[in-house]
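Here is my note on this entry. Please read it with the model open.

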Amino acid sequence: MWDLLITDIAGGGAIAVAGERIAWTGPAASVPERATEVWSAGGRVVTPGLVDCHTHLVFGGDRSGEWEQRLAGAGYEAIAAAGGGIAATVRATRAASEDDLLDSAVARAAAMAARGVTTVEVKSGYGLDLDTELRMLRVARRIPERVPVDVVTTFLGAHVVPPEFEGDPDGYLDLVCGEVLPAVAAEGLADAVDAFCERMAFDAARLDRLLATATGLGLGVKLHADQLSDGDGAALAARHGALSADHLEHTSPGGVAALAAAGTVAVLLPGAAYVLGDETVPPVDALRAAGVPMAVATDCNPGTSPLVSLPLALHLACTRFGLTVAEALAGATTHAARALGLAGEAGVIAPGARADLVVWDADHPAQIVYWVGLDPVAAVLKRGHFVEEA
Ligand code: NIG
Ligand code: FE
């Protein structure tokens, strides 16, 4: 006897749930077993719960003032060079208490969940010292106490060089590799390690040993790669068997080939490109032709992407990057789960996967992606329980 049977899904399907897992899926006309509760989707579309596989949603302060400066013509890298940008958020995050960081992160995570997200990745990277990096990751791990999402955490200690190591990136990476990352690993606070491979942060040669240290500790590897310039980030990620290489606006054909050979997921972040006003688009045609799985995420952060709607990120991925609706939806489900090492566990409707589902006020999948700002969520099932119903 199953716990729940969802019937009358658009297309004529049904889904059975037992405990926290999907037990069966098939045509509503041939259901092989009974369930305690039967719930009709009323002919609406049901998808896997969305997976936002790249966010920086724990941080102190905000950077709306910088955004106004950029509207008036200031550049993102110029603001950073003058001590603003990521460094400004580092100051605000270091000054914030754990409770304050949790409250603001919970507000953003709740907004994401209301728009269909049931699994979210959260990065550190605004502490850049031992205490604050650990605090950020602890806060991230506590989000599910208050929001119905699973959280996957990523250590982004190599985001930029902090002010106390100005001009000494190698000295800072000594600290990260020798002290901070081992402490993060010892506390079990991170599932993966990420870094910002960019001219304003760290070059590929320097990041080699960090990524090797991460894999040596049994952690997955991800990389902010080729976002503002081609820094050979995609090839670096591929060389370390990365779960994902993210951004990729400036990736070369050689970088695309390396990702394909390594089986690394390309994570596209159209919100950042949109907010920065960057017209350069990732090499989507080449990624598609090479068979590189493409995920789409919000990159929610206070600098380049103050975006909490994953459906809006999917809309931008279609309109600005040229994805099809099917590619966009796969990019926020199956491929996003793979980018987090959760293939088969999340982002899929199949027996054994987490029973994370979204019922949409839509009778065709395109309606999920087509609206700008509607995010037509009707109901969410998280690990087998309804959490929102309209
Ligand atoms: O993904 N590129 C690096 N990190 C973020 C931006 C961080 C910030 O500006 O605060 C990104 O775009
Ligand atoms: Fe990012």
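Which ligand takes up the space of the largest cavity?

1. Ligand 1 does: its space is the largest cavity. A cavity here is a set of points, on a 1 Å grid over the protein atoms alone, where a 1.4 Å probe fits but cannot get out.

2. This is a predicted model, in which local features need pLDDT of at least 70, side-chain atom pairs count only at pLDDT 80 or more, and totals for chains, interfaces and linings use all residues. Residues are numbered from 1 along each chain as written, chains are lettered from A and ligands numbered from 1 in written order, and side-chain values use heavy atoms, without hydrogens and water.

3. Around ligand 1 there are 15 residues. Among the closest are Arg63 and Gln227.

4. Tyr76 places a polar side-chain atom 2.5 Å from an oxygen atom of ligand 1. For His159 and a ligand 1 nitrogen atom, the distance is 2.9 Å. A side-chain N or O atom of His247 lies 3.0 Å from an oxygen atom of ligand 1. The protein buries 100% of the 320 Å² that ligand 1 exposes when taken alone (Shrake-Rupley method, 1.4 Å probe).

5. The iron ion is ligand 2. His54 (NE2), His56 (NE2), His224 (NE2) and Asp299 (OD) coordinate this ion at 2.1 to 2.3 Å (donors are N, O and S atoms within 2.8 Å of the metal, or 3.2 Å for Na, K and Ca). His56 and Asp299 are 243 residues apart.

Methods: A residue is near a molecule or strand if one of its heavy atoms lies within 4 Å of it. A polar contact is a pair of N or O atoms within 3.5 Å; within protein, one must be able to donate a hydrogen and the other to accept it, and residues adjacent in sequence count only if both atoms are side-chain atoms. On a 1 Å grid over the protein atoms alone, a cavity is a set of points where a 1.4 Å probe fits but cannot get out, and a pocket is an open set with protein on both sides within 12 Å along at least five of seven lines; lining residues have an atom within 4 Å of a point. A molecule sits in a cavity or pocket if more than half of its atoms lie within 2 Å of its grid points. Helices (H or I, at least four residues) and strands (E, at least two) are DSSP runs, numbered from the N terminus.
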